[in-house]
Amino acid sequence: MTDLPWLTILVLVPLVGAVATALAPSSLSRNLGLATSGLALLVGVLVATQYQLDGGMQLTETHAWIEALGVHWALGVDGLGLLMVLLTVVLVPLVILASWREADEPGNGGVKGFVAWALALEAMSLAVFTATDVFLFYVVFEATLIPAYFLIGGFGREGRGRAATKFLIYQLAGGLVMLASVIGLYVVSADQGAPTFLLSELAALEIDPVTQRWLFLGFFIAFAIKAPMFPVHTWLADTTEKATTGTSVLLVCVLDKIGTFGMLRFCLGLLPDASQWATPVVVALALVSIVYGALVAIGQDDLLRLIGLTSLSHFGFIVLGIFVFSSQGAAGSILYMVNHGIGTAALFLVAGFLVRRTGTASISAMGGVEKAAPVLAGILLVAALAACGLPGLSPFVSEMLVLIAAFNHAWWVGVIAVTAIVLAAVYALWAYQRTMTGPPRPEVEAIADLDAREVGTLAPLVLGLVLFGFFPMPLLDVINPHVTDTLSHVGVTDEPPVVTTEPAAVEGGHQ
Amino acid sequence: MTEFVKPDVAYFELWPLLVVFGVACLGVVVEAFAPRSARYITQALLTLAGLVAAMAGVVMIGLRFAGDGAAEDGLVHGDGAAYGLLSIGGTIVVDGPTLFLWGLLLVFGFLGALLFAERHLDGGVSAFAGQAAALPGTDAEREASTRGLDHTEVYPLLMFALFGMMLFPAANDLLTMFVALEILSLPLYLLCGLARRRRLLSQEAALKYFLLGAFSSGFFLYGAALVYGFAGSMEFGAINEAVRNDAANSGMLLVGIGLLSVGLLFKVGAAPFQAWTPDVYQGAPTPVTAFMAAGTKVAAFGAMLRLFYVAFGADRWSWQPMMWVIAVLTMLVGAVLAITQTDVKRLLAYSSVAHTGFILTGLLGVQATADLAVGEISSLQAVLFYLATYGFSTLGAFAVVSLVRDSGGEATALTRWAGLGKESPVVAGVFAFFLLAMAGIPLTSGFVGKLAVFSVALAAGAWPVVVFAVLASIVAAFLYIRVIKAMYFDEPVGDGPTVAYPSVLTATTIAIGAAATLMLGVLPGPLLDLAAVAGEFIR
């Protein structure tokens, strides 16, 4: 069982599905998409069952790919990678289910294109999260952009072509800057006598501090655009406004995670000295992102723009947690990446269902929806409360950990970050009040509530929010060994956080 | 007065060169004696057969170099780092890089010849003028066009140009190199003026190319004279000796290097000598543009590599700073000016200028062999690989351009391309793929090429050039995406473009271009290895 190249299978399943969908008649597209992404989910779960909780790269595969350049097809998962893989394989079937009829509506590019590109994006994202060769990582990192570009440009609202171009330019610019650093790593390894792109070999290199800083800059700019962070976030709101909400989920909840994933794996993992050197600036940018994102979100009238901008604030938290260099911060960040994925996906999807019913995303044009569609309103409320960090819902735990770490880092950092909780309550609840409560407007009186398919799509996400809100231990079990590994590499040691009781659970399991 | 010694000609090793030249001459004879109706098919078949025969020769020579007997025959130099021999009194050198470049040129020549022979796109006639001597807009021109005349001289001209291109990187002294430069240029000047449609534009392009080209040849010749004055020899090996040992008169050497560079940089279209590129690429018949864009670049960069690595390799601290400036300038000029273009052919022309800059980035990444780690990519390898990737995607892209037409011939205005993705998804998809390759997106050949040249430049310490190269790539990416957006997401203007169905000839070119672009992106290993096996230049 374990001899199978599980991770290659994981990447190939959606890729083959994408090609099959593109070739098959479009009447089969939905079922093919659902079946393939379901199969990928199954493979993802099987990968998770074989994962040992003691950390390190697992299920590794290494095959020579381009020998002339020292490039390998090398895959592996660690705790961080595993969670991102699981998040991806869970979200993609939900997105396909949620976009069941949308892509066929007039003006959109057709369901066949949507499903095929979505599966291609899933395959590329899974490859990104499992790649352990920097060249391979870069290849799939850039390759994700093509499906994303066609998803944004082909489906959604008026003006999406421009949004797609803006998205692609930003991402390509970041990618090319990173290319310089990727090549830089190769050259450094060549100068030390063994040219390679393998992560394991690169991590063992001694890179002098000045070089590290330049390389760090290249990686960090790319990941900051991806995540996104202030001041390179401006593509985000335009994209989420114009794209379909299904696309937005794939972009914000899966693709953007590559940014923070990359910071952990490449900036901290390969360039620890430079990461510590850059901490003050990065922390400052993260704080600006947190507060600025929340403030701008309050001022939005477009519901989908608003959700996009809340993510700016949330990504600020994640980056803050990573760059305060403590185990609470790092564990909180990784947990946040998962929780943000679940919470924001729920928010986007339910908002998408709402926008399709009312025909507008303008907050001021809605009102009193909860009378006509109570279930929709209820789920929106849960998702909105999750976004502002209500205890009992999963983002609370991660936000708490990051905030504690921020206070430990420097009291003023914590103070600034904490204001975002107040601001989050304002944007989330105020938006809810304006759209859902009050007397129903005539145009929303007749809208239907969520049907079974839509509820079925949202149920796993809401369930996840509540479950991990009360019981984050399974996630932390996976996260903590990874955090210890990463931080010891950076040169920081402290006790991993134990949120619930029973520290024995950490060691429990497979030896 | 030394006695004349009959030069020794290595017929086997020079076979590809001789075949191409022979077929070109034969083509002239066919043109003179064959009846008009039989010329097209005779010329086309003769050309293609000649190219295949030459290619077979290249493969056989390669096998002989790599074979067991090579060492006994004195074909191996420098502990197996280089293979080959000098011939015709040391004027022509056939070594690994020469063979690699010959192979590329023959493949690109073959694909170009297929485009030349295409007669389906324009109602049963080729893309070339019915009668070049007939003035545009006269009765003579109308008569030539109603009789469906065709210029079949284009095939021998193509072969002559190809002969010059193959001789260019194989030249081992400055005079042979100059002769090769002229042999490749003159037929191209002529070919540029032979378009069937928009003839004034085409003739203007030819004249512009000829005037500037002749001017730049003058620079080259003057540079050759000065270097001869410095070294006392035209031969690269002797120049190398002189550069190593002779510190006197280095001023003359520097000016000589500069003037030689002008001539070569003009041919590759590097800034500030790029001004002819857009006009010529736009005005020339598209098959000629395709062949010229790919072939000239390969040949001229091959010659540049040999000149700078072999003759001036020991003095690279003098020319590398100059190349830094030129490379940065070329990339920025190409990328920035491309943004403002509204014509697809001009846009591709400026993009080719930007690519010249990227190739120069690889060229200036030369390091001493001792500085390279085992298994690290060398600059020669990187440049050779980049030339291959660039040639295939450029040929393919121009071939696609020739398919998109309206009533006035090819519709090259960018606005006419809006909505092509709906009209013809396959053509738009293939073109988008070529553009992505030029932008250097992973899983296309352009990415691996870019990675290779950037690596060698960075390894040689040219990080400022790489920084500018990255910036230029970002700018260039914007313009390629603009075209993709126009094709897929913009509404068509008026009737929208129509896509002409090509015959198997153009279709083959596009298919091979696309397949090579994909293969070299996904599995670049074999070609990179081949470029490594080609070894170094011999001197």
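Start with G218 of chain B. G218(B) is partly exposed, because 13 other C-beta atoms lie within 10 Å. Its place is in helix α7 of chain B, residues 199-231. Now pair G218(B) with G334(B): they are 116 residues apart along the chain, and their C-alpha atoms are separated by 25 Å. Keep in mind that this is a predicted model.

Staying in chain B, look at two helices that pack. Helix α14, residues 379-401, meets helix α20, residues 525-533, at an angle of about 135°. The axes of α14(B) and α20(B) are 9 Å apart. So α14(B) and α20(B) are oblique to each other. Their crossing is right-handed. Which residues make the contact? From α14(B), they are Q381(B), L384(B), F385(B) and A388(B). From α20(B), they are L527(B), L528(B), A531(B) and A532(B). By class, that contact of α14(B) with α20(B) has 7 nonpolar residues, 1 polar and no charged.

Next, the backbone of chain B. Most residues other than glycine have a negative phi, and most peptide bonds are trans. Here are some exceptions. I88(B), not a glycine, has a positive phi of about 45°. I88(B) is in the loop between β2 (82-87) and β3 (92-95) of chain B. L443(B) is not a glycine either, and its phi is positive, about 75°. L443(B) lies in the loop between α16 (425-439) and α17 (445-459) of chain B. Buried or partly exposed? I88(B) has 14 other C-beta atoms within 10 Å, so I88(B) is partly exposed. L443(B) has 20 such atoms within 10 Å, so L443(B) is buried. Then the peptide bonds. A271(B) and P272(B) are joined by a cis bond, with omega about 0°. P272(B) sits in the loop between α9 (250-268) and α10 (276-283) of chain B.

Over to chain A, with a cis bond there too. The bond from F230(A) to P231(A) is cis, omega near 5°. P231(A) is in the loop between α9 (209-226) and α10 (234-242) of chain A.

Now a helix pair in chain A. Helix α3, residues 79-98, packs with helix α22, residues 473-490, at about 145°. The axes of α3(A) and α22(A) are 8 Å apart. On the α3(A) side we have G79(A), L80(A), L82(A) and L83(A). They meet L475(A), V478(A), I479(A), P481(A) and H482(A) of α22(A). That contact of α3(A) with α22(A) divides into 7 nonpolar and 2 polar residues, with no charged.

A278(A) counts as partly exposed, because it has 19 C-beta neighbours inside 10 Å. Leaving aside neighbours within four places in sequence, A278(A) is in contact with F216(A) and F220(A). F323(A) is 45 residues from A278(A) along the chain, with a C-alpha separation of 8.8 Å.

On annotation: an unreviewed UniProt entry places "domain: NADH:quinone oxidoreductase/Mrp antiporter transmembrane" at residues 131-423 of chain A. That span is 81% helix and 0% strand, and its end C-alpha atoms lie 38 Å apart.

Last, where the chains touch. The contact takes 30 residues from chain A and 29 from chain B. On the side of chain A, the elements giving two or more residues are α5 (134-143), α6 (145-154) and α7 (160-191). The largest share of that side, 16 residues, comes from α7(A). By class, the side of chain A that touches chain B has 22 nonpolar, 6 polar and 2 charged residues.

Technical notes. Residues numbered from 1 in each chain as written. Chains lettered and ligands numbered in written order. Predicted model: local features only at pLDDT ≥ 70, side-chain atom pairs only at ≥ 80, totals over all residues. Axes fitted to C-alpha atoms, helices over the stretch in contact; angles between N-to-C directions. Helix = DSSP H or I, 4+ residues; strand = E, 2+ residues; numbered from the N terminus. Parallel < 35°, antiparallel > 145°, perpendicular 65-115°, else oblique. Left-handed = near helix turned anticlockwise from the far one by under 90°. Contact = placed C-beta atoms within 7 Å. Nonpolar A, V, L, I, M, F, W, Y, C, P; charged D, E, K, R; others polar. UniProt positions renumbered as here; feature names shortened; annotations may be inferred. Buried ≥ 20, exposed ≤ 12 C-beta atoms within 10 Å, placed from the backbone.
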